[in-house]
Amino acid sequence: MYYQIIVSGDGIFFENDDKTEPVIGFLANRVVQASSEELAIATSKRDILVQWNQLFNADRKLGLPRLRIEK
């Protein structure tokens, strides 16, 4: 079965920020093939965090976003 998962990410800080308030966020839409909705959610969260670290956070200065399922 295919699931459409919409995830929001927030709580991301820039290196020069004082880290008292997040300064950026995002929405991500994923279509995931999985045997259950729970597995589809877990897979989409994992994939987003892997992509985040590979593409945007290679130097590990932005931290990890808090992920929330929107739909």
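I started with Arg-68, which is partly exposed because its relative accessibility is 47%, between the 20% and 50% cut-offs. This is a predicted model, so I read every value here as computed from that model. Which residue does the side chain of Arg-68 meet in a salt bridge? I found Asp-10, with N to O at 4.0 Å. The two sit in distant parts of the chain: Arg-68 belongs to strand β3, Asp-10 to strand β1, and 58 residues separate them.

**More on Asp-10**

I stayed with Asp-10 and found that its side chain also meets that of Arg-66 in a salt bridge, at 3.2 Å from N to O. Arg-66 is in strand β3 (residues 66-69) and Asp-10 in strand β1 (residues 2-12), so this pair ties together parts 56 residues apart in sequence. Is Asp-10 buried or exposed, or something in between? I noted a relative accessible area of 22%, so Asp-10 is partly exposed.

**Salt bridges elsewhere**

How many salt bridges does a search of the whole structure find? I got four. Another one I looked up joins Asp-47 and Arg-46, where the closest N and O atoms are 2.7 Å apart. I checked how open both partners are. Asp-47 has 33% relative accessibility, so I put it down as partly exposed. Arg-46 has a relative accessible area of 49%, so it is partly exposed too.

**Overall layout**

I stepped back to look at the chain. It has one helix and three strands, and from the N terminus the elements run β-β-α-β. How much of the chain counts as buried? I wrote down 30% of the 71 residues. The chain exposes about 5,000 Å², and carbon and sulfur atoms supply 54% of that. I also looked at contacts with a separation of 6 or more: 55% of them are between residues 24 or more positions apart.

Next I went inside. In soluble globular proteins, nonpolar side chains tend to be buried together. Here the largest nonpolar core has nine residues: Tyr-3, Ile-5, Val-7, Ala-28, Val-32, Ala-34, Ala-40, Ile-48 and Leu-67. Which elements give two or more residues to this core? My list reads β1, β2 and α1. The largest share, three residues, comes from β1.

I picked Ala-28 to see what surrounds it. Setting aside residues up to four places away in sequence, Ala-28 touches Ile-5, Ile-6, Val-7 and Ile-48. Ile-5, Val-7 and Ile-48 are also on the list of core members.

**Ser-44**

I then turned to Ser-44, which has its place in helix α1. Is Ser-44 buried or exposed? Its relative accessibility is 0%, so Ser-44 counts as buried. Apart from neighbours within four places in sequence, Ser-44 is in contact with Ile-5, Val-7, Arg-30 and Val-32.

**Glu-37**

Glu-37 is another residue of helix α1. With a relative accessible area of 44%, it is partly exposed. Where does Gln-4 lie relative to Glu-37? I noted 33 residues of separation in sequence and 9.4 Å in space, C-alpha to C-alpha.

**The aromatic pair**

Last, I searched for aromatic pairs, and the count came to one. Why is the pair of Phe-26 and Trp-52 called stacked? The ring centres are 6.0 Å apart and the planes stand at 20°, and planes under 30 degrees apart count as stacked. The pair links distant parts of the chain, with Phe-26 in strand β2 (residues 24-33) and Trp-52 in helix α1 (residues 37-56), 26 residues apart.

I compared the cover on each ring's residue. Trp-52 has 9% relative accessibility, so it counts as buried. Phe-26 comes out at 23%, so it counts as partly exposed. The line between the two labels is 20%.

Note on methods:
Residues numbered from 1 in each chain as written. Predicted model: local features only at pLDDT ≥ 70, side-chain atom pairs only at ≥ 80, totals over all residues. Heavy atoms only, no water. Phe/Tyr/Trp six-rings, centres within 6.5 Å; stacked < 30°, edge-to-face > 60°. Helix = DSSP H or I, 4+ residues; strand = E, 2+ residues; numbered from the N terminus. Buried < 20%, exposed > 50% of the residue type's maximum accessible area, 1.4 Å probe, protein only. Core = buried A, V, L, I, M, F, W, Y, C linked by side-chain atoms within 4.5 Å. Contact = heavy atoms within 4.5 Å. Areas by Shrake-Rupley, 256 points an atom, 1.4 Å probe, with all protein chains shown as cover.
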